[in-house]
Amino acid sequence: MINLSSVRALVIAPHPDDEVFGCGGIIHRIKREGGKVYVMYVTVGTAMDFSAKGISTADERISEIEKVADYLDFDDFDIALSGDKYHLKLDTTPQGELVHAIERGSKLALHKIEPNLVLTTSNHDYNQDHRAVFKATVTALRPASLKQKSYQSMLATYELPYHAWNTAETLSSSSLYVKLEEADLNAKIEALQLYQSQLKQADSPLSVHGVKTMASYRGLQCGAMAAETFWLKRLAIL
């Protein structure tokens, strides 16, 4: 069993709301059980979207981050590469720049906070920023002498509600399930509702209905009322 009270988790979110859609439940559970959670937002910017307004601004999204961070009681958060130069363009950003931000360059870099759990996005995501962040995270977590850098014993990718739409012929079965108590799921939903610029109507996966449905389905797979699922990329018992 993983003792969540001893977890120092770094959640790497390419954009604001990824951390709640994918990890909101485990974030609340880690904090509830006494662990620490840090969230690195890789980029925030202004973008056109499929919302009622048709656009969400960087200032609007930063304000939402601050509300979510306060509500879920993050131990800290940081925006690693802010501005429209990077937002939705991480696939054209040099990988070395992304790796440096995750490894050493940002306030919540691996070298500075030394997490023992890292949660990041999937390489099978259709979003180009998410795929770029996955590759950079894997590189940043490459093993080396402990005299030279810290070692993260656990790396997993988190599930987003739209992952059924992807380029892979098949996806491997989830390898890690995290049971959510009612309080954890409720906190996830409340946090999502603070992302008003991004939350969609009930017929979209990126909605309260979509998140509840996914949590219930994943719960059925592990004998729980609700759950979040992850794909383990590394688990070292040291």
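Trainee: What's the strand order in the open sheet?
Mentor: Keep in mind that this is a predicted model. The open sheet has seven strands in the order β5-β2-β1-β6-β7-β9-β8, and the pairing is mixed.

Trainee: OK, and which strands stand at the edges?
Mentor: Those are β5 (76-79) and β8 (176-180). Each has a single partner strand, so one side of each is left without a neighbour in the sheet.

Trainee: How many degrees does the twist average from one strand to the next?
Mentor: The average is 25 degrees.

Trainee: Which helix packs on the sheet by touching β2 and β5?
Mentor: That's α2 (residues 58-72), which touches β2 (36-41) as well as β5. The direction of α2 makes about 165 degrees with that of β5.

Trainee: Let's move to β6 and β7. Do they run parallel or antiparallel?
Mentor: Parallel. Four bridges join β6 (residues 117-120) to β7 (residues 154-158). Leu117 stands opposite Met154 in β7, and Val118 is opposite Leu155.

Trainee: How is β8 joined to β9?
Mentor: By five bridges, with the two strands running antiparallel. Within that pair, Leu180 stands opposite Ala226 in β9.

Trainee: Which strands does α6 lie across?
Mentor: α6 lies across β8 and β9 (226-235), and runs at about 95 degrees to β8.

Trainee: Switching to helices: at what angle do α6 and α7 cross?
Mentor: Roughly 155 degrees, and the axes of α6 (residues 182-193) and α7 (residues 208-220) come within 10 Å. The two helices are therefore roughly antiparallel to each other.

Trainee: Is that crossing left-handed or right-handed?
Mentor: The crossing of α6 and α7 is right-handed.

Trainee: Which residues make the contact there?
Mentor: From α6 you have Leu185, Lys188, Ile189, Leu192 and Gln193, and from α7 there are Val208, Val211, Lys212 and Ala215.

Trainee: What classes do they fall into?
Mentor: Six are nonpolar, one is polar and two are charged.

Conventions. Residues are numbered from 1 along each chain as its sequence is written. This is a predicted model: local features need pLDDT of at least 70, side-chain atom pairs count only at pLDDT 80 or more; totals for chains, interfaces and linings use all residues. Side-chain values use heavy atoms; hydrogens and water are left out. Axes are lines fitted to C-alpha atoms, for helices over the stretch in contact, and angles run from 0 to 180 degrees between N-to-C directions. Angles under 35 degrees count as roughly parallel, over 145 as roughly antiparallel, 65 to 115 as roughly perpendicular and the rest as oblique. A crossing is left-handed if the near helix is turned anticlockwise from the far one by less than a right angle, and right-handed if clockwise. Contact means heavy atoms within 4.5 Å. Ala, Val, Leu, Ile, Met, Phe, Trp, Tyr, Cys and Pro count as nonpolar, Asp, Glu, Lys and Arg as charged, and the others, Gly among them, as polar. Two strands pair if DSSP finds at least two bridges between them.
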